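Student: I would like to go through the labels used for this model and see what each one rests on. Where do we begin?

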Amino acid sequence: MRRDRHGRGLRGALYPASLPAAASRAEKFDALVLDALEPIEARWRHELTKLDVAVDEVPEVRPDGRAPAEGVLHDGSVPLSRLVPAGVDRAGLPTRARIVLYRRPLEARAKDPGELAELVHDVLVEQVAGYLGVEPDVIEGD
């Protein structure tokens, strides 16, 4: 058993796992993404069967200092998300198309949880529209 640094006992969680306060920022963001995706997926279920949605902390940066440009949704020079088309991986196996949301850049642009939820929804709508080759208004149903 590991003890705390003073040898007095085990370090435990501050909150029971059943309470919302026990969730990490990453877990809260994942739940937010699922909530934002639900109405889109409900409307476009058949068209989105071969699309995955993932969350990364920050965008991948190439050795030359640039982020990948293909399918990237930017805010200024900062990538917020990326649409990775279906293809073949290094082992020669087929891959599914996926939307990757970058948690930290999205969180940095929102002032409060409500604004973050709106931003995540807007980014998902943009990327799903890009995947389906339609206008974002079509995805929203406006």
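Tutor: Begin with the classes of accessibility: buried means under 20% relative accessible area, exposed means over 50%, and partly exposed lies in between. Note also that this is a predicted model.

Student: Why is Arg96 called partly exposed?

Tutor: The relative accessible area of Arg96 is 40%.

Student: What makes the pair of Asp52 and Arg96 a salt bridge?

Tutor: The side chains of Asp52 and Arg96 come to 2.9 Å, N to O. The cut-off is a side-chain nitrogen of Lys or Arg within 4 Å of a carboxyl oxygen of Asp or Glu, so the pair of Asp52 and Arg96 qualifies. Asp52 belongs to strand S1 (residues 51-56) and Arg96 to the loop between strand S5 (94-95) and strand S6 (97-102), so the bridge ties together parts that are 44 residues apart in sequence. Asp52 is partly exposed, at 31% relative accessible area.

Student: How many salt bridges does the structure hold?

Tutor: The structure holds 6 salt bridges. One of them joins Arg25 to Glu107, with the closest N and O atoms 2.8 Å apart. Arg25 sits in helix H1 (residues 25-43) and Glu107 in helix H2 (residues 103-109), so this pair ties together parts that are 82 residues apart in sequence.

Student: Which class of accessibility does Arg25 fall in, and which does Glu107 fall in?

Tutor: Arg25 has 55% relative accessibility and counts as exposed, because the class starts over 50%. Glu107 has a relative accessible area of 16% and is buried, because that value is under 20%.

Student: What other partner does Glu107 have in a salt bridge?

Tutor: Glu107 also pairs with Arg103, the closest N and O atoms being 3.0 Å apart. The two residues are 4 apart in helix H2, so about one helical turn separates Glu107 and Arg103. Both Glu107 and Arg103 are buried. A network of salt bridges links Arg25, Glu57, Arg103, Arg104 and Glu107.

Student: What makes Asp112, Glu115, Glu118, Asp122, Glu126, Glu135, Asp137 and Glu140 a patch of negative charge?

Tutor: Asp and Glu count as negative. Patch members have over 30% relative accessible area and no salt bridge, and like charges are joined within 9 Å. These eight names gather on the surface as one such patch. Helix H3 (113-132) and helix H4 (136-140) are the elements that give two or more residues to the patch, and H3 supplies the largest share, 4 residues.

Student: How do you know that Glu115 is partly exposed?

Tutor: Glu115, in helix H3, has 31% relative accessibility. The value falls between the limits for buried and exposed, so Glu115 counts as partly exposed.

Student: Why is Gln127 called buried?

Tutor: Gln127 also lies in helix H3. Its relative accessibility is 6%, so Gln127 counts as buried, the cut-off being under 20%. Not counting residues up to four places away in sequence, Gln127 touches Gly71, Leu73, Ser81, Arg82, Leu83 and Ile99.

Student: What share of the protein is buried?

Tutor: Buried residues make up 27% of the 142 residues. The protein has 4 helices and 6 strands, running α-β-β-β-β-β-β-α-α-α from the N terminus.

Key: Residues numbered from 1 in each chain as written. Predicted model: local features only at pLDDT ≥ 70, side-chain atom pairs only at ≥ 80, totals over all residues. Heavy atoms only, no water. Patch = residues over 30% accessible without salt bridge, like charges linked within 9 Å, V, L, I, M, F, W, Y side chains within 5 Å. Areas by Shrake-Rupley, 256 points an atom, 1.4 Å probe, with all protein chains shown as cover. Charge placed at Lys NZ, Arg CZ, Asp CG, Glu CD. Buried < 20%, exposed > 50% of the residue type's maximum accessible area, 1.4 Å probe, protein only. Contact = heavy atoms within 4.5 Å.
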